[in-house]
Amino acid sequence: MFDWLDNAVIKLCNMSPVGTDLNTVKEQMNEMKEFKMEVYQQQIEMEKLNHQGELMLKKATDETDRDIIKEPLTELKHLWENLGEKIAHRQHKLEAALLALGQFQHALAELMAWLTHTEELLDAQKPINGDPKVIEVELAKHHVLKNDVLAHQATVETVNRAGNELLESSAGDDASSLRNRLEGLNACWEAVLQKTEEREQQLQSTLQQAQGFHGEIEDFLLWLTRMESQLSASKPTGGLPETAREQLNAHMELYGQLKAQEDVYSQLLAKGRLMLLNRDDSSAGSKTEQSVALLEQKWCLVSTKMEERKAKLEEALALATDFQNSLQDFINWLTLAEQSLNIVPPPSLILNAVLAQIDEHKVFANEVNAHRDRIIELDQTGNQLKFLSQKQDVVLIKNLLVSVQSRWEKVVQRSVERGRALDDARKRAKQFHEAWKKLIDWLEDAENHLDSELEISNDPDKIKLQLSKHKEFQKTLGGKQPVYDTTIRTGRALKEKALLPDDTQKLDNLLGEVRDKWDTVCGKSVERQHKLEEALLFSGQFMDALQALVDWLYKVEPQLAEDQPVHGDLDLVMNLMDAHKVFQKELGKRTGTVQVLKRSGRELIENSRDDTTWVKVQLQELSNRWDTVCKLSVSKQSRLEQALKQAEEFRTAVHMLLEWLSEAEQSLRFRGALPDDAEALQSLIDVHKEFMKKVEEKRVDVNAAVGMGEVILSACHPDCITTIKHWITIIRARFEEVLTWAKQHQQRLEAALSELVANAELLEELLAWIQWAETTLIQRDQEPAPQNIDQVKALIAEHQSFMEEMTRKQPDVDRVTKTYKRKATEPPHGALIDKSRSNRKSLTQAAPPTMPIISQSETKNPRINQLSARWQQVWLLALERQRKLNDALDRLEELKEFANFDFDVWRKKYMRWMNHKKSRVMDFFRRIDKDQDGKITRQEFIDGILASKFPTTKLEMTAVADIFDRDGDGYIDYYEFVAALHPNKDAYRPTTDADKIEDEVTRQVAQCKCAKRFQVEQIGENKYRFFLGNQVQFALRCSHFLLVVVARVSMVLCPLGGCNL
């Protein structure tokens, strides 16, 4: 449009001046009609463009975007109005010329022809319904027609005025005819005006109705869009029934709103379809059709999404409810399982009972295994819910699953442990039961065997044979003694470990039964031997009976000897006492046999006539052996009682020591972290000293127990030597271990207290030093900075010493604050004054070690926190002072160097630098001149030179900028830039006419102060093109005479700002 307007203006301006003869004026009027037809078509496009711009302005929210849209539209409207004024002016001039040539009738005819044509156009226009866009286009066309009509008002007035003048000078029929024609002209003009106004009102009304309908559709579409955005922005589904139900209820509210708007949708759809039925064929694909189609599509889309969201939420609610119910059922089962495991009795040590417990546990274990699939299913469902659910529900579901998983694993672990414990109890119970059963069966067989052999023969030989068989049985019975002892010992061990009262009672019964059965068999065996010996004696085999009794006495006498050890642990001594009780019963039963033998021997001596000396000797030996065995039996009984007493005392002492040692080990093992408070640490030391006293007191008990063990060991039974030595070693080793731990803990406490005291002293020392350092730094900062370089260097050296001292104290601060995370790094000890500025800056950045930040959670000591905070503050103060001193030194050195500043030296150095980089001054200036206006600000000049890495300083550049900016306006143009860099300015002045023209054009364009500068492009030798925006305005071919070119260039008027170039 801008291009067409520019061309139209040029075309209008290029039209020849109004002619002075009739034919020329008519030709110019025809030319003007053709031009106006072309303008008429473009004016319709112009109205469309304005309408689009207004729509864009309504949609634009950002002010910048509105300005971008509004600015070209305003400029375009201004240019169009200017064109319309020029056209109207041209038309009036032509009509005035036509009238001036005396062609009133021709002008009247032309005007009537135009009015007739316009009225026909207005009558031919049909009513338009439906699409606002079509109506707006028609309205735009009508606006063009109306503007054309209004533009002819001046023509009508001119013709009327000319006609009235003719009426005054005419008379008769000519005047009457002219008057009629003028009245017809005015009537036609009024009709055209009225029809134009009526058509405009009709279009405006139709547009309002269409816009109202489309506004309703747009509002409904906007509501649907909001509804769709609510559906699109819907949160993830709830993972819990409450959340899912709440979301479903909220969605059902939206669903209800959609259903409530269904009637509105139906009405709009019916109204739109009715408008489509009444439309013209030319309006196919109109906005109404598009809006109705979009309404149907949007409604279907939102309805579909609403139904899908509803189905999804109902599915999520069902899934969450099922998951919650399944999870609750599983939790209930877990609770019952945990309760079952909590109330389950300990494993029984009775075989039948433990087998029953194992059967019950198998049922429970199968139930646990059956729930394994349920926990896997719950985990899968939970993961699915976590993937689809809200974040807060995900966290809750995750916590629930973790809790249930943890409880499940504990139940499984406890079930496995219960199974292991039951299996272990079954093995031990089975081992004891099998040994007990085997021994009971053998004892019953032995008892039946003894009961079946009650008959004793009278034949001495047979009696001897029976006696020898019985001795074999007694030997077998003696071989069963270790089995009996082992069974009794195993039973007692089980009894001690039994946790159920029924197990203890049943084990007592079993042990009593086997013990009674053993005593019964032993008693019957002794009784059987006694009867056999009596029978042998009564059968006349006195010597055999006597010899058998003496042999038995000789056999048992070594077992009763005083040197036979009877000491040991409690189990061994009790077994020995049980065996001795059996022997004493057997000894008591043999008392009758001894008396019978003695009586028989006395009768034999009294009644025999032979020598009976050998009988007396045998009887005397029998009496001696018998008395000896009886005494040894009594002695062994007393020794066993004493051994039992010692064993009980030793066992009690050992168990008490082991219990105390376990408590002491627990106390030493779980002492925890040491406190940071000296008082609390001292109280711990006092408590530990009391503990050490108890340890020393227990040393006496340990020595006493060890002494008991050694006494028992000195007279210990061979079977128990290893056991007694084991207990002695255990109590000694564990006591020494506890004693070692106690001493180590005491040393740790004392070392911690010493370190705490030392750190406290160091803390106070550091705080005092920090106070001095902070005060010193503040005082030094308040002192004015010296203006002498040597004095500043002395201050830098002094501050360097302070920094080194502070660095040396850094490890002490780390040790006090207990960080030890970073080691202080000492900076080089070289003097700062010998370094360059860059080295000083790098040293300033690398010198300070990082001070660790001690949070309140790391230490509760406020003094430590104070030290940390103040240490960091002093570091910052020191770094700030170091920076200030370095900056002061840099500034003084720059001032010293600047005192001898020579611009000519600077210029030559800069030109050498540019030549070295193979750069041109013009390219550098254009690179800085971003807007290409031929001048730059002082700051742009300084920043550009510094950014180019040219070795200079900001202070030098300030002085250089003053030299470059000769006129002091704050800007440096290209000529000032070149003139300052090249002292021989004549060498750079333009020599040829072309150079002078180029310089003059550049200079004149640079003087333009408009917002959008005129742009000039050289398109050939002495030929330039001038631009306004993106449009070529005109081309200028320069003459060979410079003065003429300069004059022409100087007369150019800048169309933007109106300034002369």
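The expected span of a helix is taken as 1.5 Å times one less than its number of residues, and helices (H or I, at least four residues) and strands (E, at least two) are DSSP runs numbered from the N terminus. The structure is a predicted model, in which local features need pLDDT of at least 70 and side-chain atom pairs count only at pLDDT 80 or more, while totals for chains, interfaces and linings use all residues. Residues are numbered from 1 along each chain as its sequence is written, and side-chain values use heavy atoms, with hydrogens and water left out.

Helix α15 comprises 17 residues (481-497), which should span 24 Å at 1.5 Å a residue; the end C-alpha atoms are 24 Å apart, in agreement with this value. Buried residues (under 20% relative accessible area, with exposed over 50% and partly exposed in between; 1.4 Å probe, protein chains only) in α15 are Tyr484, Asp485, Thr487, Ile488, Gly491, Arg492 and Leu494. An α-helix has 3.6 residues a turn, so residues three or four places apart point the same way.

Nonpolar cores were defined as sets of buried Ala, Val, Leu, Ile, Met, Phe, Trp, Tyr and Cys residues joined through side-chain atoms within 4.5 Å. The largest core has 35 residues, of which Val573, Phe650, Phe691, Val695, Ile724, Ile731 and Phe735 touch the most other members. Helices α18 (570-607), α19 (613-669), α20 (678-714) and α21 (721-782) each contribute at least two residues to this core, and the largest share, 13 residues, belongs to α19. Val695 is in contact (heavy atoms within 4.5 Å) with Trp660, Phe735 and Leu739, leaving aside neighbours within four places in sequence. A second, separate core contains 30 residues, including Trp442, Leu443, Ile488 and Ala498.

Gln357 is located in helix α11 (residues 351-370) and counts as buried because its relative accessibility is 10%. The side chain of Gln357 reaches the backbone oxygen of Pro346 at 3.1 Å. Not counting residues up to four places away in sequence, Gln357 touches Pro345, Pro346, Pro347, Ser348, Arg418, Leu422 and Leu500.

Asp933 lies in the loop between α27 (921-928) and β1 (935-937). Its relative accessibility is 14%, so Asp933 counts as buried. The C-alpha atoms of Asp933 and Tyr974 are separated by 9.7 Å, although these residues are 41 residues apart along the chain.

With a disulfide defined as a pair of cysteine sulfur atoms within 2.5 Å, the count comes to zero. Cys300 is partly exposed at 45% relative accessibility, whereas Cys522 is buried at 8%.

Key: Polar contact = N/O pair within 3.5 Å; in protein donor to acceptor, adjacent residues only side chain to side chain.
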